[in-house]
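Have a look at the structure first, then read on.

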Amino acid sequence: MSHSNKSFSTVPPGFYTITRRDGIFQEKVHDAYKLRGKLHEPTVCPECNAVFHEGRWQWLPAPANAHQEMCSACHRIHDHYPAGFLTLEGPFFLAHREEIMHLVHHEEKYQRAEHPVKRIMEIEEKPDSTLITTTDIHLARGMGEKIHDSYQGELEFHYNPEENLLRVSWSR
């Protein structure tokens with residue numbers, strides 16, 4: 001099967017290939033977007049109104065007089081600094097782009113309902129591929145796995161532990 005201009009199996013510098021069975025990556029370094037300590041409870045994100053309660057961000061009504069601090073997803077969006085990258089390409093993808101993108105949006109909606117920090121940041125449509133950036137490595141991985149489970153094809157994961165970034169590539 002031919003691919004677009006880039007070599008599908010090229011591992012970007014600083015990344016290494018992982019398999020679908022690898023446990024998601026124990027972060028070895030400090031992630032600037034992870035909480036440095038416990039937030040006061042309750043805390044509300046002034047951007048998206050998610051509430052930090054019982055140790056995690058949740059979709060709850062914001063209590064009166066809650067502390068305010070931006071959640072990690074809004075922080076990443078504000079800084080234009082994604083954690084996950086999902087590249088979709090290949091002749092099958094191009095012929096079925098609309099239904100595959102429907103699956104991508106459905107997975108994000110499902111994940112985001114329970115985990116406010118799992119969001120799509122941007123979708124960049126190119127003539128021969130689509131690049132989706134996410135605020136969370138687990139969302140990029142989950143979307144890639146859902147597409148692979150539904151349509152098979154080639155699925156690769158490249159993880160950079162120093163920067164806590166995941167690049168997922170799917171082609172068919």
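## Sheet and rings

Valine 44 sits across from valine 51 in β3. This is a predicted model, where local features need pLDDT of at least 70, side-chain atom pairs count only at pLDDT 80 or more, and totals for chains, interfaces and linings use all residues. Residues are numbered from 1 along each chain as its sequence is written, and side-chain values use heavy atoms, with hydrogens and water left out.

β2 (residues 43–44) and β3 (residues 51–53) pair antiparallel over two bridges; pairing takes at least two DSSP bridges between two strands. Strands are DSSP runs (E, at least two residues) and helices are too (H or I, at least four), numbered from the N terminus. The open sheet has four strands in the order β4-β3-β2-β5, with mixed pairing. β4 (56–58) and β5 (67–68) are at the edges with a single partner strand each, so one side of each has no neighbour in the sheet.

Now for the rings. The whole structure holds two aromatic pairs (Phe, Tyr or Trp ring centres within 6.5 Å, using the six-membered ring of Trp; planes under 30 degrees apart are stacked, over 60 edge-to-face, the rest tilted).

| Pair | Centre to centre | Plane angle | Type |
|---|---|---|---|
| Phenylalanine 52, tryptophan 57 | 5.5 Å | 70° | edge-to-face |
| Phenylalanine 92, tyrosine 151 | 5.6 Å | 55° | tilted |

Phenylalanine 92 in helix α2 (residues 91–95) and tyrosine 151 in helix α4 (residues 137–151) are 59 residues apart. Phenylalanine 52 and tryptophan 57 are both buried (under 20% relative accessible area; exposed is over 50%, partly exposed in between, with a 1.4 Å probe and protein chains only).
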